[in-house]
Amino acid sequence: MTVRTRFAPSPTGPLHIGGVRTALFNYLYARHMGGEFLLRIEDTDRERSTEEATRGIIESLDWLGLARDGQTVFQSTRIARHAEVARQLLESGNAYYCYATPEELAAEREVAAKEKRVWRYDGRWRDRDPKDAPPGVKPVIRLKTQRDGDTVLEDLVQGTVRVANAELDDMIILRSDGTPTYNHSVVVDDHDMGITHVIRGDDHLTNTFRQIQVYRGMGWDLPRFAHIPLIHGDDGKKLSKRHGAQFALEFKENGYLPEALCNYLMRLGWSHGDLEIIGREDAIRLFDIVDVNRGASRMDYPKLLNLNGIYIRAADDGWLTRDVMERLAKKPGLTPAPETEARVRVLMPALKDRAKTLVDLASAAVFLAQAPRPDPKAEAVLTPEAKAMLRDLGPALAATDFAVPALDAALRAFADAKGLKLGQVAQPLRVALTGSTVSPGIDATLAALGKGEALMRIAAAAS
């Protein structure tokens, strides 16, 4: 048997971080088992589904490196098939026409709510002859759910879960306008796509027991189910804006590497000993859905940020340089000098050592794109004495070949000659070069800017 998993988001908004982890777990399990990972866009809610959201989902998966097998399935193209299966259930006696009107049922729900009791459809048309139908009422098709005994699910994450069939009402599978309902469509699609393992959030657990009735009614084999816990904020509450970024492309925009985000989300509810840094190949080799914890996970943004910094430090300098250049090009009012890319590339080993995100990295590199305007804190460093020192320092640096070793030696010699500590020389120089009191090593910064640019900035700051 070829293992086939699927990710089936609704395109009603951006891809949430919880959905990202669900997609990741489906992808990893399929690859771990040598199987296939499919994508289905559940776009039957035509009022809320948008093409923009669909594009965002696909862009998110591509950014995360979660490659799919086969063509993307759009649920909206399969409505005729869903209706066909509903009619088959009707013909086999596993479903029936229900002529109860929406107004009739709404009134009953209202009474139940006032009496503080759970309302369930009572199956009043389950065994009645359609000839008794009131005139002018378009019927729905309801599934004839088993009433006795229990439905038992052996879930790969949650273990044995049991629900009394008496708790399950005869759900609608085809509305009076001929459109299918979610719980019916999902089963038909999963069956037709050959899905062997349904891995999704545990908020779908109740739906699963209803969906099992459709499988049984059609005589189809059940897939294996794995309901993974949801992701909460660090306070244990539902993840929201107040906790931080929520959507995949927000993390991209905020400068997170997809490898870091996937590594973090994989470890959110799953672990392999004390292993923290897990590359994609190792993740595929080690991951098994049965090892996922049952309890809800908490999003730890500081931990993710720290992990992202580790991945940035390990990333290719050329790739990081290109990303920085793309971000600098988008900064309002910034026109990078032609030499900027070469400067960034030279200084990248030092720049990335301090960065936690790609946004940090680009911000730290702005001074390489154009001469800076010192911030107020930095401006205070340029006292009259500091400016006089910079005027003397320029010629001393100009006499070197502007390689890091020579610059380091010249700065130390200059400080000794002036009776100053190296920091007393380096800090005004740093402000002159970068407009800030924080930067990579001053000798590396000088070398990256180059002799002409560095000396021009020193002279400007000293005037």
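Me: Which side chain makes a polar contact with the side chain of Thr196?
Reply: A polar contact is about N and O atoms within 3.5 Å. This is a predicted model, and in it the side chain of Thr196 meets the side chain of His197 at 2.7 Å. The Thr196 side chain also reaches a backbone atom, the nitrogen of Arg4, at 2.8 Å.

Me: Where does Thr196 sit, and is Thr196 buried or exposed?
Reply: Look in the loop that runs between α5 (182-192) and β9 (197-201). For burial, the cut-off is under 20% relative accessible area. Thr196 has 13% relative accessibility, so it counts as buried. Setting aside neighbours within four places in sequence, you'll find Thr196 in contact with Met1, Thr2, Val3, Arg4, Pro223 and Arg224.

Me: How many residues apart in sequence are Val188 and Ala315, and how many Å apart in space?
Reply: They're 127 residues apart in sequence, and C-alpha to C-alpha you'd span 44 Å.

Me: On to strands. Which strands form the open sheet of three?
Reply: Strands are read as a sheet through their bridges, and two strands pair if there are at least two bridges between them. Here the order is β4-β5-β8, with antiparallel pairing. β4 (95-98) and β8 (172-174) are the edge strands, each pairing on one side only. On average, neighbouring strands of this sheet are turned by 45° against each other, direction ignored.

Me: How many bridges join β4 to β5?
Reply: Four, and β5 covers residues 140-143. To find one of the facing positions, go to Cys98, which stands opposite Val140 in β5.

Me: What do β6 and β7 form?
Reply: A hairpin, with three residues between the two strands. Strand β6 (residues 150-155) and strand β7 (residues 159-164) run antiparallel and are joined by six bridges. Glu154, for instance, has Thr160 in β7 as its bridge partner.

Me: And how should I think about side chains along a strand?
Reply: In a regular strand they alternate between the two faces of the sheet.

Me: Where does Asp170 lie, and is Asp170 buried or exposed?
Reply: Asp170 is in the loop between β7 and β8. With 4% relative accessibility, Asp170 counts as buried.

Me: What does the side chain of Asp170 make a polar contact with?
Reply: The side chain of Tyr96, at 2.7 Å. A polar atom of the Asp170 side chain also lies 3.1 Å from the backbone nitrogen of Thr145. Beyond four places in sequence, the residues Asp170 touches include Tyr121, Gly123, Arg126, Arg142 and Arg147.

Me: Last one: which residues touch the most other members of the largest nonpolar core?
Reply: Think of a core as buried nonpolar residues joined through their side-chain atoms. The largest has 95 residues, and Ile289, Met299, Leu390, Leu397, Leu429 and Leu446 touch the most other members. Helix α1 (residues 17-32) gives the most to this core, with nine residues. Apart from this core lies another, of 29 residues, with Leu143, Leu174, Val187 and Met218 among them.

Me: What is Leu390 in contact with, leaving aside neighbours within four places in sequence?
Reply: Leu382, Pro428, Leu429, Ala432, Ile458, Ala461 and Ala462.

Notes: Residues numbered from 1 in each chain as written. Predicted model: local features only at pLDDT ≥ 70, side-chain atom pairs only at ≥ 80, totals over all residues. Heavy atoms only, no water. Buried < 20%, exposed > 50% of the residue type's maximum accessible area, 1.4 Å probe, protein only. Polar contact = N/O pair within 3.5 Å; in protein donor to acceptor, adjacent residues only side chain to side chain. Contact = heavy atoms within 4.5 Å. Axes fitted to C-alpha atoms, helices over the stretch in contact; angles between N-to-C directions. Core = buried A, V, L, I, M, F, W, Y, C linked by side-chain atoms within 4.5 Å.
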